[in-house]
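Let's take a friendly look at a protein model together. Keep the sequence and the picture side by side as you read.

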Amino acid sequence: MINTSLEVRPATAGDLAALNDVYNQYVRETHYTFDIEPMTMDARYDTSIETSVYLVPESVGRGAGSRLYEELFKALEGEAVHRAYAGIALPNPASIALHERFGFKRVAHFTEQGRKFERYWDVAWYEKPLGPESIESSEG
């Protein structure tokens, strides 16, 4: 069930530090990202887009990830974006379910792609088509 009382809005510059803190919690405590050192604000690039969802622990399992993805894909409508990709460090059944619910399909599985917490982790790569078909694919 999707939590409809959750406020979802575009992030502002004032949100960046808090968002970075959430991401860094995953860096320190999970294998979901292979970053091993917390990310500094200076190392972030404001022109990057990523289809990952990182949540504070109390929001996990309450529909927040679904709400965020709903708003992300609404915001991407009409943009010149052809595909969305997501790399999921395994195991992570909640992330797989979220991505499949939003139309992502598994396109690759890499074994032992990253090392963290004294072990190797597999990564599944997922892909979602976005936007209208390109001219090249409709002509072929």
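## A bridge between strands

R83 is partly exposed, with 28% relative accessible area (partly exposed lies between buried, under 20%, and exposed, over 50%, using a 1.4 Å probe and protein chains only). At 22% relative accessibility, E127 also counts as partly exposed. The side chains of R83 and E127 meet in a salt bridge, 3.6 Å from N to O (a side-chain nitrogen of Lys or Arg within 4 Å of a carboxyl oxygen of Asp or Glu). This pair links distant parts of the chain, 44 residues apart: R83 sits in strand β1 (residues 83-89) and E127 in strand β3 (residues 119-129). Strands here are DSSP runs of E with at least two residues, and helices are runs of H or I with at least four, numbered from the N terminus.

## About the model

This is a predicted model, where local features need pLDDT of at least 70 and side-chain atom pairs count only at pLDDT 80 or more, while totals for chains, interfaces and linings use all residues. Residues are numbered from 1 along each chain as its sequence is written, and side-chain values use heavy atoms, leaving out hydrogens and water.

How many salt bridges does the structure hold? There are five. One of them joins the side chains of R9 and D15 at 2.7 Å, N to O. R9 is partly exposed at 45%, whereas D15 counts as buried at 18%.

Another joins E71 and K74 at 3.3 Å, N to O. Both residues lie in helix α2, three residues apart, about one turn of the helix.
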